[in-house]
Structure formats: structure tokens, C-alpha cells
Amino acid sequence: MRWLWIIAYLIAGLSGPAFADGELDAKMTAADKARLAAYATTRAEAVAEATAGGTPGDIAVLDEVLGNEPLSFRDGFDPTGKWKCRTIKVGGMRPLTIYDWFDCRISDDGSGWYLVKTTGSQRTSGRFYDDSDTRLVYLGALNYGGEKPVDYGKDAERDQVAYVFRRGAQQLRMEFPSPKFVSKLDILELKR
């Protein structure tokens, strides 16, 4: 009987790309657990502020970015490689701000997918973890252009947490609830 469990474990490990290492809860800070617990409320408030005060053109971009039902991450999707990425700040000090496109890269080091925003003055780097078939959790850290990336959990002021959704064949959306600065919700849109 034990050999059946071993075979099942090996098959599960070989059935697709590496995602999480299974220790998300132990790695996530209490502050980031609280941010994710309040995600739905925070997101609704931020989007309401954006649609009430944003320009019609920016609201159309936000609607497009938030559209589409999330797709599965487990159907052969491989995010590794170069991406274009832009930040959208939703709610907070300004209702809606959409920034220009920069460069991001996702790699797979064997223990999961790892994101690095490689250009721009504000950057992020961190790892993705399984949450469900259609949603991942991102644990990363803010760094500034010219700085060496900071590891998650080393500086509470730099820690970042996000839910990640696959929007299309080559599109991802990362939603950062209650970021430390300026907005109520940050969105990092990735396309290639």
C-alpha cells in the first residue's frame, strides 16, 4: 500500500511546472495575512473610488484589466520569460493612476515561479504560491532602481503580498491590497 502513495506523490510532482513549496502560511507575515483577509472589501472600496473619480479613458483601461474570468494555471501554462508590466494605482490619495510599461521577468528555479520587475524606479521581486486552480499568492518585496532586491520578510516596510490571476493566454494580473504607500489597491498588469 505504501508504494501506491509513493507513486502518486511522484506522478503529482511530475505532472506540471513547479508552483509553491507548500509553506505559504508559515512564510507569510501576520500583516500580510490581514491584508489578504480584507482583500474583497479593500478591492471593492478602491474600485468604487476609481470609478467615481478617474478619467473616462483610465476607467476604461481599469475595466479591461479587471475583466475576463480567471483561467487555470494548471493547463500547461508556462509564465517563464520576459513580460511587459505596468502598475495601476486604484483608490487612495488619487482615484486612479495608470503608469507606463516596464520590463518584468518570471523564472522557474525548480522550487517555483519567481518574478523580478527589472526596469522602473520602483521594482518588486518575489515568489508565487498556489492558492487555487485559478489564483496564486505572491510574496515579494519592494526595491528601488539601483538597489539589490530585498527578500520578503526582511523588512516589513518593503514586504508585498498579492493575489495573482491569469487573464488570458499571455496575460496576468497581480492585485496588491492595502499597499504601504499612496493607494488602496495596486495592480501589476503583465502582458507578452
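A residue is called buried when its relative accessible area is under 20%, exposed when that value is over 50%, and partly exposed when it falls in between, with a 1.4 Å probe and with protein chains only taken into account. Arg135, for example, is partly exposed, since its relative accessible area is 24%. The structure shown above is a predicted model, in which local features need pLDDT of at least 70 and side-chain atom pairs count only at pLDDT 80 or more, while totals for chains, interfaces and linings use all residues. Residues are numbered from 1 along each chain as its sequence is written, and side-chain values use heavy atoms, with hydrogens and water left out.

We can begin with the overall plan. The secondary structure comes to five helices and nine strands, where helices (H or I, at least four residues) and strands (E, at least two) are DSSP runs numbered from the N terminus. Along the sequence, the pattern reads α-α-α-α-α-β-β-β-β-β-β-β-β-β. Of the 192 residues in the protein, 41% are buried. A contact means heavy atoms within 4.5 Å, and among the contacts between residues at least 6 apart in sequence, 54% join residues that are at least 24 apart.

Helix 5, which spans residues 56-66, has as its buried residues Ile59, Leu62, Val65 and Leu66. These residues cover an arc of only 125° around the axis, and therefore lie on the same side of helix 5; the arc is that of the directions from the helix axis to the C-beta atoms. The buried residues of helix 5 pack against helix 4 (39-53) and against several strands, namely strand 1 (81-90), strand 2 (96-98), strand 7 (159-168), strand 8 (171-177) and strand 9 (185-191). Helix 5 is followed by Asn68, whose phi is positive, near 75°.

A disulfide is a covalent bond between the sulfur atoms of two cysteines, and it is identified here as a pair of cysteine sulfur atoms within 2.5 Å. The structure holds one disulfide, formed by Cys85 and Cys104, whose sulfur atoms are 2.1 Å apart. The pair links distant parts of the chain, with Cys85 in strand 1 and Cys104 in strand 3 (residues 102-108), 19 residues apart. The torsion about the S-S bond of Cys85 and Cys104 is about 85°, so the disulfide is right-handed. Cys85 counts as buried at 0% relative accessibility, and Cys104 is buried as well, with a relative accessible area of 2%.

Charged side chains supply another kind of link. Side chains of opposite charge can pair when their charged atoms come close. A salt bridge is counted when a side-chain nitrogen of Lys or Arg is within 4 Å of a carboxyl oxygen of Asp or Glu, and a search of the whole structure finds 18 of them. One of these joins the side chains of Arg86 and Glu189 at 2.7 Å, N to O. Because Arg86 lies in strand 1 and Glu189 in strand 9, the pair ties together parts that are 103 residues apart in sequence. Arg86 is buried, with a relative accessible area of 13%, and Glu189 is buried at 0%. Arg86 and Glu189 also belong to a network of salt bridges that links them with Glu64, Arg167 and Lys191.

The side chains of Arg135 and Asp131 meet at 2.7 Å, N to O, and Asp131 counts as partly exposed at 35% relative accessibility. In the salt bridge between Lys33 and Asp25 the N to O distance is 3.4 Å; Lys33 is partly exposed at 33%, whereas Asp25 is exposed at 56%.

The protein exposes about 10,000 Å², of which carbon and sulfur atoms supply 56%; accessible areas come from the Shrake-Rupley method with a 1.4 Å probe, and for residues only the protein chains shown count as cover. Met93, Tyr144, Phe181 and Val182 make a nonpolar surface patch of about 420 Å². Patches are made of residues with over 30% relative accessible area and no salt bridge, with like charges joined within 9 Å and nonpolar side chains (Val, Leu, Ile, Met, Phe, Trp, Tyr) within 5 Å. Tyr144, found in strand 6 (residues 135-144), is partly exposed at 31%. Not counting residues up to four places away in sequence, Tyr144 touches Ser121, Gln122, Arg158 and Phe181.
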